[in-house]
Amino acid sequence: MLPLFSHARKNVVGVAVALVAAALALSFALPIQAHALDVERWTAKPNKDGDSTTVMGATATRVTWQGQSAEDESIASVVLEMPEGTAVEAENVKTTVIADLDRLEASSQTTVEGTTVTVALDEPAPAGALVMIELNRTLLPGGGGTFGLAGSYTTADGQQHDMPATDQTITVVGTSPAEQLSSWLGAQEWVQAWNSNKFLNLFFNPTLIVTSVPALVAGWLISIGIVIVSFPLSIPLGLIWSFLRMAKSRIPRAIGATYINIVRGTPLFLQLYIAFFGLPLMGLQVDNFVLGAIVLVMNSSAYLAEIFRAGIQSINKGQFEASRSLGMNGAQTMLFVIIPQTVRRVIPTMTSEFILMYKDTSLLAAVGVTELMMYAKTITAATGNVTPYIVAAGFYLIVTIPLTKLINSMERRMAGGRRRKKNVTITSEEAVLPDSDAAVSKSLRMSETLAGSNHISH
């Protein structure tokens with residue numbers, strides 16, 4: 001029995017020795033991974049105005065890495081592998097070392113190669129110290145994405161270790177080219193000097209101009225769409241009111257005169273309020289865009305009615321008599337003789353009315369229609385800066401200035417302002433012809449002046 005027990009004990013000892021030998025061999029065969037460093041922070045500072053959580057790409061922000069070393073570990077350098085597309089300057093990297101709650105003066109050398117940032121401490125941090133690296137004015141990828149931590153660190157004894165794994169990530173929101181350009185402008189010295197002036201910063205901030213333009217394009221197109229829909233509908237309605245206004249019968253004439261005088265005599269703003277807040281009280285629900293177009297049509301038709309009336313009355317009475325002598329009735333005379341001449345003569349004044357309607361679309365913002373001024377109002381409310389309104393004014397000028405020049409050109413042509421050819425003279429009889437374009441232009445101008453005095457109430 002005793003020899004059997006002794007034999008079993010020898011077997012157990014042999015197995016134990018074999019296991020210890022295998023463990024030692026394995027320990028020498030595998031590299032030592034001493035992940036004693038604890039990553040406490042891997043964050044980026046939010047950089048979107050009015051938002052305390054969003055980190056925007058291609059916009060200056062501060063990226064912070066913070067690591068706590070073990071009690072027996074001294075850090076000599078840290079390498080951070082930034083996401084592809086990141087831009088950071090070595091001079092904007094700051095290193096801080098905290099040991100035993102004391103902030104130490106930690107001088108370091110920073111090098112940036114592509115997206116690799118290497119921070120080498122002039123003297124290794126004390127064992128167990130906290131090391132914090134701040135990458136100021138860093139531009140993270142403009143396309144956005146979620147980025148984890150990658151890199152390595154080196155201890156005072158020269159051992160290099162991979163950066164410990166952490167579940168901390170930086171989520172970046174992609175930015176448009178306009179936002180990227182705005183961010184670039186904000187970093188320019190001349191822009192900073194420009195914005196240091198309170199007036200220029202409030203009304204002409206270059207960074208806001210760049211971001212406001214693409215944001216306001218949608219509202220601008222809506223405003224143009226409203227006018228393109230409304231103005232053609234105003235023309236036939238204006239003709240109808242004009243015929244009623246010139247009717248021989250008292251009742252139609254009274255109806256036309258009443259409508260024209262009421263619409264032209266009250267502000268468009270009041271008419272919008274009555275339509276947008278009065279109709280719902282009557283149980284009528286109409287889409288804001290459609291209702292806004294209807295109000296503009298009704299308002300503009302009253303002014304066009306007076307323009308058409310002035311144009312029709314400027315036609316020489318001989319035209320009516322000549323048409324009747326050819327056997328035309330009143331409707332045929334008006335349709336084929338009078339109206340074609342009237343339209344040609346009132347085109348400049350109608351163009352002026354088109355410009356007024358286009359500018360009047362800005363009033364729709366007060367009743368909730370999302371047109372150009374509503375977009376500008378939203379951006380202004382978010383930024384606290386008036387620059388978007390100035391940008392909106394520029395969008396109005398894109399349309400109004402060319403049309404104004406066109407009107408001036410047409411008026412000069414109607415007033416006999418064509419560039420005279422050499423060796424051609426104009427007799428006094430041609431210049432004072434009663435039915436000439438010059439006489440018609442004078443008559444229409446007098447009518448437009450009267451209409452414009454009432455149109456100011458818009």
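Trainee: What is the strand order in the open sheet of 5 strands?
Mentor: The order is 6-7-3-10-11, with antiparallel pairing. Strands are DSSP runs of E, at least two residues, and helices are runs of H or I, at least four, numbered from the N terminus. Two strands pair if DSSP finds at least two bridges between them.

Trainee: Before we go on, what kind of model is this?
Mentor: This is a predicted model: local features need pLDDT of at least 70, side-chain atom pairs count only at pLDDT 80 or more, and totals for chains, interfaces and linings use all residues. Residues are numbered from 1 along each chain as its sequence is written, and side-chain values use heavy atoms, leaving out hydrogens and water.

Trainee: How many bridges join strand 10 to strand 11?
Mentor: There are 3, and the two strands run antiparallel. Strand 10 covers residues 151-155. Thr154 stands opposite Gln160 in strand 11.

Trainee: New topic. How many aromatic pairs does a search of the whole structure find?
Mentor: It finds 8. Rings of Phe, Tyr and Trp (its six-membered ring) pair if their centres lie within 6.5 Å; planes under 30 degrees apart are stacked, over 60 edge-to-face, the rest tilted. One of the pairs is Phe231 with Phe354: the centres are 5.3 Å apart and the planes at 90°, so it is edge-to-face.

Trainee: Where do Phe231 and Phe354 lie?
Mentor: Phe231 is in helix 5 (residues 206-245) and Phe354 in helix 10 (residues 330-360), so the pair ties together parts 123 residues apart in sequence.

Trainee: Is Phe231 buried or exposed?
Mentor: Buried, at 9% relative accessible area. Phe354 is partly exposed at 23%. Buried means under 20%, exposed over 50%, partly exposed in between (1.4 Å probe, protein chains only).

Trainee: And how do Trp241 and Tyr259 pair?
Mentor: They are stacked, 3.9 Å centre to centre with 10° between the planes. Trp241 is in helix 5 and Tyr259 in helix 6 (residues 250-265), so parts 18 residues apart in sequence are tied together. Both residues are buried.

Trainee: Last one. How many residues of helix 8 are buried?
Mentor: 19 of its 26, so the helix is mostly covered. Helix 8 spans residues 288-313, and its end C-alpha atoms are 38 Å apart.

Key
The expected span of a helix is 1.5 Å times one less than its number of residues.
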